[in-house]
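Here is a short tour of one structure, with stops at its strands, a helix pair and the core. Please keep the viewer open as you read.

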Amino acid sequence: MDTSTTEDVAGRLFLAVGRLSRSLRQAGSPGPGHGSISALSTLVVSGPMRLGDLAAKEGVAAATMSRIIAGLVEAGYARREPDPIDRRAWLATATEDGERLLSGVRSTRVHELNKRIDRLPEDLQEDLARGLRALEALLSDED
């Protein structure tokens, strides 16, 4: 694949993923935004994390993550607890309400995405399934 074709694919993929993600968020119930859901998901999967570590994993500035966590704490979806290793620091942890919220959001969005995939012609569904391996490989490059 030549450079211009690669750039075209990258540009189209970037727009499609962004638009699909936004569309699925809008189709769901109102609630925390994408940044909050993403941070909460990381906390559920990874367990308690320091703010800086969570910000780095999410690819945002510490100040941005501080605002996200403050909103999640205020809503009861996360809590702050002292870091047992360094009492000057604190850890963010998902609450049971946060875990329930995340499960509901995922369920709603996955259900909506499944409906959209079901409407695709069979050949496009197969193309999508084949392309999923490549998308997952792109994500594994982040770690």
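## The strands

Which residue is the bridge partner of R80 in β3? A92 of β3 takes that place. Keep in mind as you look that this is a predicted model.

A92 also has M49 standing opposite. The two pairings of β3 (residues 90–94) are both antiparallel: β2 (residues 78–82) is joined to β3 by five bridges, and β1 (residues 49–50) is joined to β3 by two. Strand β3 is mostly covered, with four of its five residues buried.

## Where α2 meets α5

Two packed helices are described by the angle between their axes and the distance between the axes. For α2 (residues 34–46) and α5 (residues 96–119), the axes come within 10 Å and cross at roughly 115 degrees. The crossing of α2 and α5 is left-handed.

On the α2 side, the contact is made by I37, L40, S41 and V44; α5 brings G98, E99, L101, L102, V105, R106 and R109. Sorted by class, this contact of α2 with α5 has six nonpolar, two polar and three charged residues.

In soluble globular proteins, nonpolar side chains tend to be buried together. Here the largest nonpolar core has 18 residues, and L40, L43, L54, M65, I69 and L72 are those with the most contacts inside it. At least two residues of this core come from each of α2, α3 (51–58), α4 (62–75), β3 and α5.

Leaving aside residues up to four places away in sequence, L72 touches S36, L40, Y77 and A78.

Methods. Residues numbered from 1 in each chain as written. Predicted model: local features only at pLDDT ≥ 70, side-chain atom pairs only at ≥ 80, totals over all residues. Heavy atoms only, no water. Axes fitted to C-alpha atoms, helices over the stretch in contact; angles between N-to-C directions. Left-handed = near helix turned anticlockwise from the far one by under 90°. Contact = heavy atoms within 4.5 Å. Nonpolar A, V, L, I, M, F, W, Y, C, P; charged D, E, K, R; others polar. Buried < 20%, exposed > 50% of the residue type's maximum accessible area, 1.4 Å probe, protein only. Pairing = 2+ DSSP bridges. Core = buried A, V, L, I, M, F, W, Y, C linked by side-chain atoms within 4.5 Å.
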